[in-house]
Amino acid sequence: MIKNYFKIAVRSLKKNRIYSFINISGLAIGMAATMLIGLWIYDELNYNKDFKNHDKIAQVFQSQTFNGRTGSGPAIPLPLEPRLREDFGDNFEYLSLSSWTQTHYLEYGDKTIERSGNYIEPQGLEIFTPKIVKGEENPLKEIKSIMLSKSTAEAMFGNEEPLGKIIKVNNRDDMLVTAIFEDFPVNSRFNDVTWLIPWKHFVASREWVKNSLDNWGNNSFQLFVKIGDNVTMQGVSERIKNSKKDANEDTAEFNPVIFLLPMKDWHLRSNFEDGVQVGGRIENVWLFGIIGTFVLLLASINFMNLSTARSEKRAKEVGVRKAIGSSRKQLINQFLSESFVVVSLAFVITVGIVLLSLPGFNNLASKEISFPWSNVEFWLYSFLFILFVALLSGSYPALYLSSFKPVRVLKGTFKGGRFSALPRKILVVTQFTVSVALIIGTLVVMNQIQYAKDRPVGYTKEGLIQIPIRSQAFDGKADLMRDQFIVSGGAVEMATSMSPATDTWSNRSGFKWEGKPEDFQEDFAWTEVSYEFVKTLGMNIIMGRDFSRDFGTDSTAVIINKTAMEYMGLTDPIGKLIYDESIVSPEPPMKIIGVVDDVVIGSPYTPSKQQLYVFDRYGNISFYNLRLNPKNSVSENLSRIESIFKTYFPNLPFTYEFIDEEFAKKFAAEERIASLARVFTLLAILISCLGLFGLASFVAEQRTKEIGVRKVLGASISQLWLLLSKDFITLVIIALVIASPIAYYIMGGWLQKFPYRTMVSWDVFVIACSGALIITLITVSFQAIKAATTNPVKSLRTE
């Protein structure tokens with residue numbers, strides 16, 4: 001019986017080739033989109049899960065409150081680690097301090113490469129359990145040891161044995177290679193960590209770190225833990241929440257709360273608002289999960305519509321089968337088997353589409369997803385997926401077709417009835433409601449990105465580059481390099497900074513100034529810079545001046561931004577003193593010499609923070625910022641700058657970054673979402689149009705004789721076109737009316753998460769609705785005009 005079902009299904013497909021093509025191609029496109037989204041979601045949900053103890057690993061976070069607003073993050077003070085180890089040690093199996101991931105020069109012989117890595121304590125190896133390919137049992141025991149990833153060892157040494165080799169780090173420290181570990185998975189937090197160096201070396205080689213060992217105010221470090229088997233994340237967080245406040249009374253005014261963020265939340269749920277965890281990338285997972293579901297639903301609707309639309313063609317078949325004894329159950333099985341065959345064929349095509357699309361999809365989504373050929377679980381889910389789609393697509397047609405009465409069918413009196421087309425109309429409206437809502441949503445996302453891009457950045461980012469400083473070889477050479485770069489003609493100005501132009505790496509509190517409210521808890525972004533910094537970046541000076549070599553007192557000067565001036569309540573800030581009473585590292589009084597326009601630092605979607613640009617007295621240089629010579633081409637400027645660089649640093653690679661490109665990276669996440677949404681929206685539209693084309697074709701075929709009669713009676717082509725098109729246009733207009741308020745509500749809520757945001761403007765709806773109507777007219781008109789121009793003799797000759 002089953003064999004017979006499938007044989008009839010194949011015959012039916014061959015007999016109706018056009019509708020079979022539309023059904024199979026529509027389902028294949030919908031299933032391919034859903035499969036790609038499914039692979040992406042699987043990759044997101046499995047982030048960091050390759051670590052052996054991922055369910056027991058956490059990072060220590062803290063929340064602090066400034067003037068009623070609570071901020072949360074992973075930066076903690078050094079004394080917290082011994083405090084947790086001594087007072088709460090029974091909650092933890094391992095604890096490990098860590099630096100932030102840093103990029104260093106690694107030098108061996110005449111080869112120098114740049115790689116990123118971390119300084120960690122030996123217990124960090126027990127927490128993250130990197131797979132040691134070769135090396136010592138305790139590779140971070142000695143202060144001058146270094147572990148390299150397999151790919152970095154191959155890049156450094158080629159076919160040579162790396163163990164026991166001495167490499168120079170940052171042109172300063174000679175380190176012994178003690179172990180080689182497998183590269184961390186791409187789908188993990190540490191995918192860019194290619195070397196590991198003992199934490200004690202980090203402390204010994206940096207004076208500021210030594211000074212922070214007992215400093216509860218310097219939140220500049222990371223702490224990772226593995227909790228014990230008999231405790232929970234929530235329970236440990238509850239026990240340690242007051243550990244910082246109880247240990248140091250000076251921090252109590254900021255109400256610090258210590259807690260654990262489990263590894264499973266690092267990637268997907270790392271956003272906080274006022275100390276409360278509010279989600280993160282998990283919102284994108286839900287978003288694309290919903291989009292994938294709707295795209296699949298659209299493809300299934302096509303199958304339902306075309307199957308039920310052609311019901312009269314199969315009515316006699318149903319009548320004959322029932323007359324010779326077929327039960328309704330058998331007919332349902334027959335039609336479901338046809339659905340299964342169609343979906344199975346579509347799945348084969350789906351796999352092909354996914355294989356061809358994966359490279360482009362990975363590039364678009366910034367992923368490295370591979371097709372899971374050997375994953376048994378994937379194929380099991382694929383089979384269930386086929387069954388689900390077959391039932392989703394075929395259940396309604398099977399129930400509808402199997403319900404026909406054989407007596408009426410065989411007597412030739414079967415008619416669909418005036419409401420028989422209503423379900424199909426509802427399904428078409430549903431299709432275009434989803435498609436139009438996706439169009440509106442995509443346009444709003446694109447508008448929000450452009451709105452943020454159009455925001456004044458506060459400096460001239462074009463023609464500006466930064467050179468990262470990662471070696472002691474640069475110490476004391478800033479003024480010399482500035483003079484040489486300018487003399488070469490490659491640059492017209494240069495200034496140094498401890499943070500990149502597009503970000504701030506430090507925040508400070510503990511300041512006093514004239515007129516400061518007594519209970520005011522201040523928090524400033526802090527950047528140490530050199531002379532000519534404002535001039536180099538092209539910042540706009542509102543009051544006062546830039547740091548100048550003509551004023552010896554500028555060594556204790558500070559420039560503030562407009563937001564800081566308003567934040568401090570100052571109307572005439574020039575000459576005012578700011579007193580540093582912080583517990584981090586108190587500075588002498590700083591005189592305000594200038595006020596500049598706000599600069600977009602950090603997220604372009606948030607308001608500018610109050611910023612202090614402090615003169616760098618201690619050589620805390622992380623970047624050379626160079627303004628390129630506008631009279632030369634960019635390539636010529638870079639060639640001249642590189643020549644000077646190599647003259648003084650011949651063994652170091654010349655690395656530079658364009659500031660405008662670094663700024664553009666701030667939009668990468670949202671642009672990625674917009675690009676993916678754009679692709680899936682186009683697929684949704686394509687699927688909807690395929691279904692509309694099939695229905696228009698069927699309606700034109702069904703009304704062939706009517707059209708012939710109307711033409712004989714004098715109907716024009718335009719009248720016939722309107723006759724065949726108006727029903728579809730009406731359905732799409734209904735879809736527009738439904739989709740618009742839904743999209744407005746959803747996208748309005750999405751925009752609320754951006755403090756700096758655009759509005760859901762009326763032109764978005766005009767573009768989306770006009771586009772949907774134009775696409776509908778083009779799709780329907782082809783079949784309508786074809787039917788209207790057919791010779792009426794052909795359609796009426798059987799009468």
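**Helix 5 and its surroundings**

Guide: Directly after helix 5 comes Gly 158, whose phi is positive, near 65°; helices here are DSSP runs of H or I with at least four residues, strands are runs of E with at least two, and both are numbered from the N terminus. The model is a predicted one, in which local features need pLDDT of at least 70 and side-chain atom pairs count only at pLDDT 80 or more, while totals for chains, interfaces and linings use all residues. Residues are numbered from 1 along each chain as its sequence is written, and side-chain values use heavy atoms, with hydrogens and water left out.

Helix 5 itself covers residues 150-157, and within it Thr 152, Ala 153, Met 156 and Phe 157 are buried, a term that means under 20% relative accessible area, with exposed over 50% and partly exposed in between, for a 1.4 Å probe and protein chains only. Because these buried residues fall within an arc of 105° when the helix is viewed down its axis, they line one face of helix 5, the arc being that of the directions from the helix axis to the C-beta atoms. An α-helix has 3.6 residues a turn, so residues three or four places apart point the same way. The partners of the buried residues of helix 5 are strand 4 (102-108), strand 5 (111-120), strand 7 (145-149), strand 8 (166-169) and strand 9 (173-181), where a contact means heavy atoms within 4.5 Å.

In one of them, Phe 51 and Phe 184 are tilted, at 5.9 Å centre to centre and 40° between the planes. This pair links distant parts of the chain, 133 residues apart, with Phe 51 in the loop between helix 2 (17-45) and strand 1 (57-66) and Phe 184 in the loop between strand 9 and strand 10 (195-198). Phe 51 and Phe 184 are both buried.

Another tilted pair joins Phe 66 and Phe 254, at 4.8 Å centre to centre and 40° between the planes. Since Phe 66 lies in strand 1 and Phe 254 in the loop between helix 9 (243-247) and strand 12 (257-262), the pair ties together parts that are 188 residues apart in sequence. Phe 66 counts as buried at 18% relative accessibility, as does Phe 254 at 10%.

One aromatic cluster includes Phe 51 and Phe 184, together with Phe 128, Phe 181, Phe 190, Phe 224 and Trp 266. Elsewhere, Leu 268 is found in the loop between helix 10 (263-266) and strand 13 (271-273), and it is buried at 4% relative accessibility. The C-alpha atoms of Leu 268 and Tyr 47 are separated by 8.6 Å, although these residues are 221 residues apart along the chain.

As for the whole protein, its secondary structure comes to 26 helices and 26 strands, and buried residues make up 52% of its 799 residues. Of the contacts with a separation of 6 or more, 79% are between residues 24 or more positions apart.

How values were computed
Rings of Phe, Tyr and Trp (its six-membered ring) pair if their centres lie within 6.5 Å; planes under 30 degrees apart count as stacked, over 60 as edge-to-face and the rest as tilted.
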